[in-house]
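Have your viewer ready and follow along.

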Amino acid sequence: MEIIIDSSNLWNLDSVLLPNCQSKFFHSSIKPYNNFFEGTYWIRIKINNNFTGSSEWILESHNYRINYLNLYLPTSSGKYISKNAGDALAFSTKELEHKNIHFILNQPQVESGYYYISYHSGTKAPFQFVIRSLKHFSVGVMYEYFSFGMYYGMLFIIGIYSFFLYLSFKDKALLF
C-alpha cells in the first residue's frame, strides 16, 4: 500500500494520475494511521489477479467511521470505475448493508493493476483494508451475528430471571 496526502481536499483521480503526483506516493507501514484529519489520503494498491476460478471478491474496510471512501477500479480500456461509500452517506447506498464498508470488486473479472482509494475521515483511525472472497465474508458475518445473538440472548435471559426474582422477593436491587 502506498499513500499520498492531499491537504487541500481538491484532488480528483485525474490529478492523482499525473506523473508529478505518482512520484510522491510513499510506502506505508503495516498499519498506518491518518494523523492529518482535514486532508484526504490517497491510497494506491497494486493488485495482481492470478485467480482463474469463479469467485466474487470484496474489498472491506474494518473501520466503519470513515466519512468518505471512494474506490477507483481499473478497467481493461485504461479507464477507472468509481464506487463511493462512507459514514456520511446513507446506509441504503452501501453495496452490502453491513456495518463495515465493502466494495464488490467483480466487474466481470477483477483487473490487475493499480486500485486507488481516496480516504477522508474526521477522526484518527487506521487504514484497515482486506480483500477476501464473498464466501469467506459470509462465514465471518454468520459467526459475528451468532456471537451477538448469544450475547444479547444471555442478557435477555438474565433480565427475565432478575424480574422473576424481584416478583418473588420484592427487592428493588434485583431490578438493577
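A nonpolar core is a set of buried Ala, Val, Leu, Ile, Met, Phe, Trp, Tyr and Cys residues joined through side-chain atoms within 4.5 Å. Buried here means under 20% relative accessible area, exposed means over 50%, and partly exposed lies in between (1.4 Å probe, protein chains only). Before we use these terms, please note that this is a predicted model, in which local features need pLDDT of at least 70 and side-chain atom pairs count only at pLDDT 80 or more, while totals for chains, interfaces and linings use all residues. Residues are numbered from 1 along each chain as its sequence is written, and side-chain values use heavy atoms, with hydrogens and water left out.

Let's start inside. The largest nonpolar core has 19 residues, and those with the most contacts within it are Ile43, Leu69, Leu71, Phe103, Ile117 and Tyr119. Two or more residues each come from strands S3 (40-47), S5 (68-74), S7 (101-104) and S8 (113-120), with S3 giving the most, four residues. Helices (H or I, at least four residues) and strands (E, at least two) are DSSP runs, numbered from the N terminus. Leucine 69 shows how such a residue is surrounded: leaving aside residues up to four places away in sequence, its contacts (heavy atoms within 4.5 Å) include Ile101, Phe103, Ile117, Tyr119 and Phe129. A second, separate core has eight residues, among them Ile4, Phe25, Tyr72 and Tyr116.

Now for the rings. Rings of Phe, Tyr and Trp (its six-membered ring) pair if their centres lie within 6.5 Å; planes under 30 degrees apart count as stacked, over 60 as edge-to-face and the rest as tilted. The structure holds nine such aromatic pairs. One of them is tilted: phenylalanine 25 and tyrosine 116, 6.2 Å centre to centre with 55° between the planes. This pair links distant parts of the chain, 91 residues apart, with phenylalanine 25 in the loop between helix H2 (19-22) and strand S2 (26-27) and tyrosine 116 in strand S8. Phenylalanine 25 is buried at 9% relative accessible area, and tyrosine 116 is buried at 2%. Ring pairs also join Phe25, Tyr80, Tyr114 and Tyr116 into a cluster.

Charged groups come next. A salt bridge is a side-chain nitrogen of Lys or Arg within 4 Å of a carboxyl oxygen of Asp or Glu, and the whole structure has four. In one of these, arginine 132 meets glutamate 60 with the closest N and O atoms 2.4 Å apart; the pair connects strand S9 (residues 129-133) to strand S4 (residues 57-61), across 72 residues. Both arginine 132 and glutamate 60 are buried. Another joins lysine 83 and glutamate 95 at 3.1 Å, N to O.

What does a buried charge without a salt bridge look like? Aspartate 6, in strand S1 (residues 2-6), is buried and has no salt bridge, and the nearest side chain of opposite charge, lysine 24, is 10 Å away. Here Lys and Arg count as positive and Asp and Glu as negative, while His and the chain ends are not counted. The side chain of aspartate 6 does reach the backbone nitrogen of leucine 10 at 3.0 Å, and one of its polar atoms lies 2.9 Å from the backbone nitrogen of tryptophan 11.

Definitions and conventions: Polar contact = N/O pair within 3.5 Å; in protein donor to acceptor, adjacent residues only side chain to side chain.
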